[in-house]
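Subject: A structure for you to look at

Hi there,

Here is the structure I promised to pass on. Please open it beside this message and follow along as you read.

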Amino acid sequence: METGGISESPIELKKTKSKTARKPKENLLKQKSPAEFFAENKNIAGFDNPGKSLYTTVRELVENSLDSAESISELPEVEITIEEIGKSKFNSMIGLVDRERIDEELYDDFETAKAREKRLAKEARTQELQAKNAALGKKVKEPQASKGMKGRGEASFYRVTCKDNGRGMPHDDIPNMFGRVLSGTKYGLKQTRGKFGLGAKMALIWSKMSTGLPIEISSSMKGQSYISFCRLDIDIHRNIPHIHLHEKRDNKERWRGAEIQVVIEGNWTTYRSKILHYMRQMAVITPYAQFLFKFVSDTSDKNVTIRFARRTDIMPPVPAETKYHPSAVDLLLIKRLISETSKENLLQFLQHEFVNIGKSYAERLIGEMGPDFSPKMAVKSLTSQQIVRIHQLFRQAKFDDPSGDCLSPAGEYNLRLGIIKELHPDMVATYSGSAQVFEGHPFMVEAGVSIGGKDVKQGLNIFRFANRIPLLFEQGADVVTRTALKRINWNSYKINQAQDKIGVFVSIVSTKIPFKGTGKEYIGDDISEIASAVKSSIQQCCIQLKSKIVKKIQARVQQERKRNLSKYIPDATGAIYDVLREMAQLHASKKKRYEDEDADVLRKVSTHSITKQTLSEKLAKHVEQVDYEMALEYATQSGVSEEPREAIYLQSLEDGKNFIDFHSPVFAFRLYQ
C-alpha cells in the first residue's frame with residue numbers, strides 16, 4: 001500500500017521506534033567534603049591497610065602529644081597502649097550477639113573435603129621427609145603450625161590509648177578539633193611535625209569506617225578544676241562532629257594533659273616491628289621525652305612493655321611562626337595575604353607581610369612595578385593584573401635569604417645523647433650544619449654517624465628524620481639513603497661499609513619539608529641544596545670518626561708491636577748477659593784487656609751490679625721509648641692531629657632560675673649558684 005509516495009513496512013516502523021533516543025538524565029554537580037575525600041583516599045594519609053593504619057594512628061597520637069607538651073616547654077611524658085580486642089568483646093561493645101554458623105559453605109574459610117585431603121597428604125609427606133632427614137643425621141626444621149584458612153571477614157581490632165602531660169584543649173574547641181577535617185592549630189608557616197594537618201582526625205575516620213565506634217577524649221588545661229570529656233564521631237559527608245557526650249567532670253587530682261582513646265581495625269602481627277622501631281627512633285631524636293609503650297593481649301606471651309627513659313632535660317626551642325619569603329609565594333598566596341592583611345597601603349603590606357623587605361627596598365620595588373603603583377595606594381584596591389605584576393617582580397628580584405631563627409632542630413647534644421642512649425655504639429660523631437635555603441624556605445641538617453652498638457646490623461643502618469619525626473617507609477628513594485650509599489667514600493675514612501656496623505642518622509628541619517609521593521614518606525633527591533647539605537654533614541661526622549679510628553688503629557698497632565718486642569726481651573737479656581759475663585772473665589784473667597767505659601761495665605758485671613734483671617729492665621725501657629717514637633712518626637705520616645675543640649656557649653637564662661647551663665655538642669654542665 002502506498003500513501004503519498006511513501007511506503008513503510010511494519011518491520012521498518014518497528015526499527016524506527018527502537019532507534020528513538022531516550023532523554024538523558026541531567027548531570028548534577030556533586031561536591032565532596034574534605035572528610036569524604038580523605039575517607040575515599042585514605043592511603044594518602046598513611047591508612048593503606050589495617051596494619052599501616054594501626055602504625056599511623058600510633059604515630060599521629062604520639063606526635064600530637066609531643067607537640068602539646070613542647071608548646072608549653074614541658075618535658076614530655078607520653079603513655080601509649082595498644083589493647084587487643086577479641087571478636088566476642090568487640091561484638092559486645094557494638095551490641096552484637098555471637099551466633100554459630102549455620103551454612104558453613106557460605107564462608108570464605110570453608111575447606112572442602114578434597115582440599116582437606118590434599119592438605120593432610122602434604123603434611124604427611126612433610127613429616128615423612130623430616131623423619132628421613134632425622135634418621136640420616138641431618139638438621140631437621142621445626143614443623144610449622146598448620147595455618148588455617150583465614151576469611152576476609154576475620155578482622156583484628158585494637159583499642160589505642162595515648163595519654164600525655166601537655167597543654168590540653170579548651171572545652172568548647174574539642175568537637176571541632178577532632179570532628180572537622182582540615183581545622184586545627186598547626187596551620188601557618190612554621191616547622192611542624194604533621195604532614196597533612198589531619199592528626200587524630202584521620203584515626204577517627206578510620207575508626208568510623210572499620211568499627212563504627214566513636215573516639216573518646218579527656219582533657220584538662222592548667223588551672224582548670226574540671227576534666228573535659230567528649231565522646232564523638234564524625235559526619236563524613238558533612239565534615240562536622242557528631243557529639244555523643246560532652247561534659248565536665250571533677251579534676252580532684254589536678255591532672256593536666258590529654259588522653260585519647262580510639263578503637264580501630266589493625267594488624268599488630270605484621271606491623272609490630274615497625275611500631276617498635278618507630279618508638280625507638282622517636283626516643284633517639286627526643287631524649288628529653290619519656291615514653292611508656294604497652295601492648296596488652298589476652299595471651300600473656302604476646303604482652304609487651306617498654307619504657308624509653310628520659311636522659312636529659314635540655315629541650316629544643318619551640319618553633320616560631322615566620323612570614324613568607326617573597327621568592328616562595330604564588331599568586332593565590334599573595335591574594336590571600338592581601339585579603340587577610342591589616343595594613344592599609346602597599347608599602348606597609350610589603351614591609352610587614354614578607355621577610356627581608358625593609359622600607360627602602362620596598363620603595364625600590366614599588367618604583368620598579370611601574371607608574372600604576374605608589375607606596376600610599378590602598379593594598380585592597382589592587383587589580384588582578386597588578387597582583388600578577390607583583391608576583392612577576394618577586395620571582396625576578398633579588399632578596400636576602402631567610403634566617404633559620406624560626407627553626408627548632410633537635411640539637412647536636414640531644415642527637416648524640418639519643419644515639420648513645422638507644423644504640424650504645426663504640427664510637428659516635430655528630431654535626432649540626434648552619435641554616436640554608438631552598439626555594440625561599442630555610443632548612444637545617446643535623447647528622448650523626450656511629451660505629452658498633454647493640455641491635456645494629458653489619459653495613460649501613462640508616463635513620464631518617466624530618467622535622468624531628470622518624471621516616472620508616474620508602475627508604476630507597478630518599479636523599480639520605482642515596483647519599484649514604486652512593487656519594488660517601490667510606491673507605492677513605494677508614495670505615496668498612498660492608499663489615500662495620502654503621503649507623504647513619506640525618507635529621508632535616510624546615511618550614512617546608514619537600515616530601516615526595518602521596519604518603520609523604522621520603523624526601524626527594526632532586527633538590528641540590530638539601531642533597532649537598534646532607535652529604536656535607538655526613539662527611540663532617542666521618543672526618544671526626546676518622547681521627548678516632550686512626551688513633552684506635554694506632555693504639556692497636558702500637559700494642560701489637562710492643563708485645564712482639566717484649567716477647568724477645570728474656571732471650572735477648574740472657575744472650576747479652578752471657579756475652580758480658582764471658583768478657584768480664586777474660587778481662588779479669590788479663591787475657592784480654594778493656595779500657596774506660598767497657599772496663600767499668602765489665603767490672604759491674606763481675607761484682608753483680610749489673611744482672612739479668614737490670615738488663616731486662618733497661619731493654620723494656622728502650623722498647624717503650626722506641627715504640628713511642630715510632631707511634632709519633634706514624635701519627636705524623638697519617639696526618640692525625642688533635643681533635644677539634646668545641647666552643648662552649650652560655651645558654652640564656654629565664655627569670656627565676658638559679659643555675660647556669662654550659663653546653664657543647666658532647667656534654668652539658670650545670671652550675672648552681
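First, some ground rules. This is a predicted model, in which local features need pLDDT of at least 70 and side-chain atom pairs count only at pLDDT 80 or more, while totals for chains, interfaces and linings use all residues. Residues are numbered from 1 along each chain as its sequence is written, and side-chain values use heavy atoms, with hydrogens and water left out.

**The sheet**

Strands here are DSSP runs of E with at least two residues, helices are runs of H or I with at least four, and both are numbered from the N terminus. Two strands count as paired if DSSP finds at least two bridges between them.

Strand β1 (residues 77–85) shows both senses of pairing. With β7 (residues 290–296), β1 pairs in the parallel sense over seven bridges, and F293 is the bridge partner of I80 there. With β2 (residues 156–164), β1 pairs in the antiparallel sense, over seven bridges; here E84 stands opposite Y158. Further along, β3 (residues 215–220) and β6 (residues 257–266) are antiparallel over five bridges, with S220 opposite G257.

Contact means heavy atoms within 4.5 Å; axes are lines fitted to C-alpha atoms, for helices over the stretch in contact, and angles run from 0 to 180 degrees between N-to-C directions.

**A helix pair**

How do α9 and α12 cross? The axes of α9 (residues 331–340) and α12 (residues 384–396) come within 10 Å and cross at roughly 120°. That makes α9 oblique to α12 (under 35 degrees is roughly parallel, over 145 roughly antiparallel, 65 to 115 roughly perpendicular, and the rest oblique). From α9, the residues in contact are L331, I334, K335 and I338, and from α12 they are I387, V388, H391 and F394.

Is S507 buried or exposed? S507, in strand β14 (residues 501–510), is buried, with a relative accessible area of 1%. Buried means under 20% relative accessible area, exposed over 50%, and partly exposed in between (1.4 Å probe, protein chains only). Leaving aside residues up to four places away in sequence, S507 touches I285, M444, V445, E446 and F465.

N239 and R254 are worth a look for their backbones. N239 has a positive phi of about 55° although it is not a glycine, and R254, also a residue other than glycine, has a positive phi near 55°. N239 lies in the loop between β4 (226–235) and β5, and R254 in the loop between β5 and β6. N239 counts as buried at 8% relative accessibility, whereas R254 counts as exposed at 56%.
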